[in-house]
Amino acid sequence: MKQAQFHESAKEININVRKKGFWDSMHNAISNKEVNGEVIEPKNKKAIKDAFISQKIGLIMSECGEALEAMRRFDYEANGYGIGVKDSFADEIADAIIRLLDLCGELNINIDAQIQWKMDYNNGRSEKHGKEF
């Protein structure tokens, strides 16, 4: 496979998303040393971060749900799946990918390396990975 460029895109997307303030509440919450006079323990900071990451995963899933709804509302294959059309199938898929890459950028996941690793791993698996579908 040709080397993908998702890692660089993830960094660029994350910079833009940070400028828009979408990560501020998490960073503010975990950078505080205390809340209401009580010291925030490291394990609680991890729990706070985990909650924010879970929220981001939920938002990624919601974008996939919106893509499904776009399929139900429109002829989703029309005009190249709605390239350049707000709320089209292509628009919602782009939203999901942007949110995924933002998360990779925030967590500094080299998604290019992981995709290559996963493709190599999957090449050694059985048809449909041993499942029905």
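Tutor: Let's start with a term: a salt bridge is a side-chain nitrogen of Lys or Arg within 4 Å of a carboxyl oxygen of Asp or Glu. Keep in mind that this is a predicted model.

Student: Okay, so why is the contact between Arg 99 and Glu 63 called a salt bridge?

Tutor: Their side chains meet at 3.2 Å, N to O. The cut-off is within 4 Å, so the pair counts as a salt bridge.

Student: And what parts does that pair tie together?

Tutor: Arg 99 lies in helix α5 and Glu 63 in helix α3, so the pair links parts that are 36 residues apart in sequence.

Student: How do you know whether Glu 63 is buried or exposed?

Tutor: Glu 63 has a relative accessible area of 8%. Buried means under 20%, so Glu 63 is buried. Arg 99 has 28%, and that falls between 20% and 50%, so Arg 99 is partly exposed.

Student: What makes Asp 50 and Lys 46 a salt bridge?

Tutor: Their N to O distance is 2.7 Å, and the limit is within 4 Å, so they qualify. Both sit in helix α3, four residues apart, about one turn of the helix.

Student: What about Asp 91 and Lys 86, why do they count as a salt bridge?

Tutor: Here the distance is 3.8 Å, N to O.

Student: Why is Lys 86 called exposed?

Tutor: Lys 86 has 61% relative accessibility, and exposed means over 50%, so Lys 86 is exposed. Asp 91, at 19%, is under 20%, so Asp 91 is buried.

Technical notes
Residues are numbered from 1 along each chain as its sequence is written. This is a predicted model: local features need pLDDT of at least 70, side-chain atom pairs count only at pLDDT 80 or more; totals for chains, interfaces and linings use all residues. Side-chain values use heavy atoms; hydrogens and water are left out. Helices (H or I, at least four residues) and strands (E, at least two) are DSSP runs, numbered from the N terminus. Buried means under 20% relative accessible area, exposed over 50%, partly exposed in between (1.4 Å probe, protein chains only).
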